[in-house]
Amino acid sequence: MSPILVLFLFLKLVEEIFENILAFLNKKYYEDPKNQAEVIKTLQLDPENFKKSLAYTQDKFRFGMTASWIQLFATALFLIFGGFTLIETKATSITDNPIGQGLLFFALLGCVSYLFALPFSYYSVFVIEEKLVFNKQTH
């Protein structure tokens, strides 16, 4: 494995850990009853709506933590097992034009990324938001 790949994966892991620490600090702040009372008073919110909003935030936090670690793991596997090489090989087999190959490479990469992110988006919109009646869309 390339030292640059190892460094990249290490930095992604450090980034993920740092983002999780910040998310936990944020969660600790918004779950503090004193801060909640201040927000309700300052923004003149209905306590029932605030409770729904807080439940939504907590669900999004839990799902976000799980999804971010899954995505980090999938990215690492994609890099370690040569996902870029596979996409490049596919792009170069379709066209000989270097500009077309570059465009096709990024189009294929975007499609793979979109398809991987789709179930997470679906769950976020149609399960979490629907559970708390924030979403009126149908699926």
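**Entry 1: Terms and model**

I take helices to be DSSP runs of H or I with at least four residues, and strands to be DSSP runs of E with at least two, numbered from the N terminus. I note that this is a predicted model, in which local features need pLDDT of at least 70 and side-chain atom pairs count only at pLDDT 80 or more, while totals for chains, interfaces and linings use all residues. Residues are numbered from 1 along each chain as its sequence is written, and side-chain values use heavy atoms, with hydrogens and water left out.

**Entry 2: Helix α1**

I looked up the length of α1 and found 28 residues. From its first C-alpha to its last, α1 reaches 41 Å, close to the 40 Å expected at 1.5 Å a residue. The expected span is 1.5 Å times one less than the number of residues in the helix.

I then asked which residues of α1 are buried. The term buried means under 20% relative accessible area, exposed means over 50%, and partly exposed lies in between, with a 1.4 Å probe and protein chains only. The buried residues of α1 are L5, L9, E16, N20, K27 and Y30. They pack against α2 (33-43) and α3 (47-80); contact here means heavy atoms within 4.5 Å.

At the N-terminal end of α1 I found a cap formed by S2, with a side-chain oxygen 3.2 Å from the backbone nitrogen of I4. A polar contact is a pair of N or O atoms within 3.5 Å; within protein, one must be able to donate a hydrogen and the other to accept it, and residues adjacent in sequence count only if both atoms are side-chain atoms.

**Entry 3: The nonpolar patch**

Which residues make the nonpolar surface patch? I list L13, I17, F18, I21, L22, L25 and W69, with an area of about 660 Å². Accessible areas come from the Shrake-Rupley method with a 1.4 Å probe, and for residues only the protein chains shown count as cover. Patches are made of residues with over 30% relative accessible area and no salt bridge; like charges are joined within 9 Å, and nonpolar side chains (Val, Leu, Ile, Met, Phe, Trp, Tyr) within 5 Å.

Helix α1 (residues 3-30) gives the largest share of the patch, six residues. I17 has its place in this helix and is partly exposed, with a relative accessible area of 40%.

**Entry 4: Salt bridges**

How many salt bridges does the structure hold? I record four, a salt bridge being a side-chain nitrogen of Lys or Arg within 4 Å of a carboxyl oxygen of Asp or Glu.

The side chains of E15 and K12 form one of them, at 3.2 Å from N to O. Both residues lie in helix α1, three residues apart, about one turn of the helix. E15 is partly exposed at 36% relative accessibility, and K12 is partly exposed at 28%.

K27 forms a salt bridge with E31 at 3.1 Å, N to O. K27 is among the buried residues of α1, whereas E31 is partly exposed at 28% relative accessibility.

The closest N and O atoms of D59 and K131 are 2.7 Å apart in their salt bridge. D59 lies in helix α3 and K131 in helix α5 (residues 98-131), so the pair ties together parts that are 72 residues apart in sequence. D59 is buried, at 11% relative accessible area, while K131 is exposed, at 55%. I also note a network of salt bridges that links D59, R62 and K131.

**Entry 5: Single residues**

I looked up S124 and placed it in helix α5, where S124 is buried with a relative accessible area of 10%. Its side chain joins that of K60 in a polar contact of 2.6 Å. Leaving aside neighbours within four places in sequence, S124 is in contact with K60, F63 and E129.

N35 is in helix α2 and is buried, at 13% relative accessible area. A polar atom of the N35 side chain lies 3.0 Å from the backbone oxygen of Y29.

F78 is in helix α3 and counts as partly exposed at 25% relative accessibility. With neighbours within four places in sequence left aside, its contacts are G83, F84, I87 and L109.

Finally, I turned to Q44, in the loop between α2 and α3. Q44 has a positive phi of about 55° although it is not a glycine, and it is exposed at 70% relative accessibility.
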